[in-house]
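Please keep the sequence and the structure in view while reading.

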Amino acid sequence: MSSDQVLIFDTTLRDGEQAPGASMSISEKLEVAQQLARLGVHVIEAGFPVSSPAQFDATRLVAEQIQGPVICGLARANEKDIDAAGKALAPAKKRRIHTFIATSSIHMEYKLKKTPDQVLKMAVEAVKYATQYTDNVEFSPEDACRSDLSFLYEILAAVIEAGATTLNIPDTVGYVLPYEYGQIIAKLKENVKGIDKAIISTHCHNDLGMASANSLAGVSNGARQVECTINGIGERAGNAAMEEIVMAIHTRPDFFPNITTGIKTTEIYRTSQLVSQMTGFVIQPNKAIVGKNAFAHESGIHVDGILKKRETYEIMTPEMIGLEGSKMVLGRHSGRHGFADRCKQLGFNLSKEELDAAYLKFVEIADKKKEIFDEDIAAIISDESRGIEQTYQLEYLHVASGTGTLPTASVKIKTKDGVKLAVALGDGPVDAAYEAIRQAIGQSPKLEYYSIRSITEGKEALGEANVRIANGKGQVFIGRGVSTDIIEASAKAYVDALNRMAAAETIKQNETKVQL
Ligand code: KIV
Ligand code: ZN
């Protein structure tokens, strides 16, 4: 690595997935990891293996299948966690164990109930223990930005001595401002003994909307790894967004002279779409870099300026993030081969059965729509093969509504206990369909959020519905459904969320829940 290369450590599959409702199935995680490898990230944090069998399996699968990036697993500073990470990562050619323990007074006193000396000892022992699995060991003093600086100097010097090669500085609660974060990194560089033997890494949360700015301030002050997620997903307000950091470094070489990230920026848009589809987290239209409006110009003055000289209102081009690729259009005559090719280019690695099912759906939609865009294909695929066990399958839906009539829905749902039928009235057609689904399956989770939007343009556009339901035990689940019929898309989204809720309940029976 050249000294001016900033390593991109992607934690979409670990910290990103900790966002409420963002959980991905194992096959979805593998698809995201494949796309992250195409994007050129240096490190993929694939999971927190000790936390559940599903996390272990996902980390192991990514370790087995993904070539190129270093595959990393998270572990608290204890032997059980490190053993789980070591085992899950064993198949990876390049692996890293990331171990952490909190160092702020508030965390040590109230959460860990340990003294600083005990924490320091645990950190050193954990790093030493991890070196039996790999010489690539990362240490994080959790809540570093609210920790006493002199304690940080001491613990970081001790873990370097014990074998840590990356020192990650988390702003766990997104508390500090860019100048402060930059100063913390500068002071660590100045005061930690042996710091030149390790790489300093940023890990910023977005509670005050500063995550990307703080990460960049870290880079300006000597950090050479940035931990981030695609679309900035993550706990609470999320993590630093990869696309923002990479494009800021790329667009402002005057501020970041000779600094490179090695990221293939033309894969950014595709990765962003894939993560949005896999997690069900819709990207806000005005999201920097990857939002639908990020390169859209509407006001007359702006459009006129752009036509005269693009740079008047654009600091980067859509092509740089791979947007021109999304204009590729398929149609009814493209054939199975063309469809399969495009799926591959979009990062979907489908088995023959999955491809067959997706192709049938493609043909069905191509009969209704003249042009099929990448967004349509991604929607078809994520609808067909999301790796979530289909506890409930919507077999039939009929909705009657109109002026002067009471909206009525009848549904037929296939479950493990046979086919269930129900008829219900509602305030509107979607409400009636949801009521009928609830009656058919005998469950009433709270509907917390519902949205519908068209993914593509034109009167035959695909409608995408997103819902969030809560099971009353503090867990929320997101569901997504796509169809040219918006009532059907809404019903599919609801059933998708119910399937995720059912899958989580099955997993929960086998897992030990671990709190960070
Ligand atoms: O935010 C945080 O402190 C973390 C650590 C586990 C690195 O995610
Ligand atoms: Zn974090």
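This is a predicted model: local features need pLDDT of at least 70, side-chain atom pairs count only at pLDDT 80 or more; totals for chains, interfaces and linings use all residues.

Leaving aside its neighbours within four places in sequence, Thr271 is in contact with Gln35, Leu36, Leu39 and Ile230. Thr271 is found in helix H10. Is Thr271 buried or exposed? Thr271 has a relative accessibility of 1%, and because buried means under 20%, Thr271 counts as buried.

Ser490 is found in helix H16, which covers residues 486–510. Its relative accessibility is 1%, so Ser490 counts as buried. When neighbours within four places in sequence are set aside, Ser490 is in contact with Val430, Tyr434, Tyr450, Ile452 and Ala465. With one of these residues, Tyr450, the side chain of Ser490 makes a polar contact through the side chain of Tyr450, at 2.8 Å.

The next topic is charged side chains. Side chains of opposite charge can pair when their charged atoms come close. How many salt bridges does the structure hold? The structure holds 25 salt bridges, and several of them are described here.

One salt bridge joins the side chains of Arg76 and Asp81, with 2.8 Å from N to O. Arg76 is partly exposed, its relative accessible area being 25%, whereas Asp81 counts as buried at 1% relative accessibility.

In another salt bridge, the side chains of Glu138 and Arg96 meet at 2.7 Å, N to O. Glu138 belongs to strand E5 (residues 137–142) and Arg96 to strand E4 (residues 95–102), so this pair ties together parts that are 42 residues apart in sequence. Glu138 is buried, with a relative accessible area of 0%. Arg96 is buried as well, with a relative accessible area of 5%.

The side chains of Lys287 and Glu244 also meet in a salt bridge, at 2.4 Å from N to O. Where do the two partners lie? Lys287 is in the loop between H10 and helix H11 (300–308), and Glu244 is in helix H9, so that the pair links distant parts of the chain, 43 residues apart. Lys287 is buried, with a relative accessible area of 10%, while Glu244 is partly exposed at 22%. Elsewhere, salt bridges that share partners join Arg14, Asp15 and Glu45 into one network.

The view may now be widened to domains. The domain assignment of the protein chain gives domain 1 (7–279), domain 2 (297–324) and domain 3 (335–383). The C-alpha centres of domain 1 and domain 2 are 35 Å apart. Eight residues of domain 1 are in contact with seven residues of domain 2.

The size of an interface is often given as the accessible area lost when the parts come together. Domain 1 and domain 2 bury about 610 Å² between them, and 69% of this area is on carbon and sulfur atoms. Which three residues of domain 1 supply more of its buried area than any other three? They are Met247, Thr251 and Tyr269, which supply 62% of the area that domain 1 buries against domain 2.

Across this interface the rule finds zero salt bridges, but three residue pairs are in polar contact between domain 1 and domain 2. Helix H9 (242–251) and helix H10 (268–279) each supply at least two residues of the side of domain 1 that touches domain 2. The largest share of that side, three residues, comes from H9. By class, the side of domain 1 that touches domain 2 has three nonpolar, four polar and one charged residues.

Key. Residues are numbered from 1 along each chain as its sequence is written. Chains are lettered from A and ligands numbered from 1 in the order in which they are written. Side-chain values use heavy atoms; hydrogens and water are left out. Domain bounds come from an automatic or database domain assignment. Contact means heavy atoms within 4.5 Å. Buried area is the accessible area (1.4 Å probe) that two parts lose on being put together, summed over both. A salt bridge is a side-chain nitrogen of Lys or Arg within 4 Å of a carboxyl oxygen of Asp or Glu. A polar contact is a pair of N or O atoms within 3.5 Å; within protein, one must be able to donate a hydrogen and the other to accept it, and residues adjacent in sequence count only if both atoms are side-chain atoms. Helices (H or I, at least four residues) and strands (E, at least two) are DSSP runs, numbered from the N terminus. Ala, Val, Leu, Ile, Met, Phe, Trp, Tyr, Cys and Pro count as nonpolar, Asp, Glu, Lys and Arg as charged, and the others, Gly among them, as polar. Buried means under 20% relative accessible area, exposed over 50%, partly exposed in between (1.4 Å probe, protein chains only).
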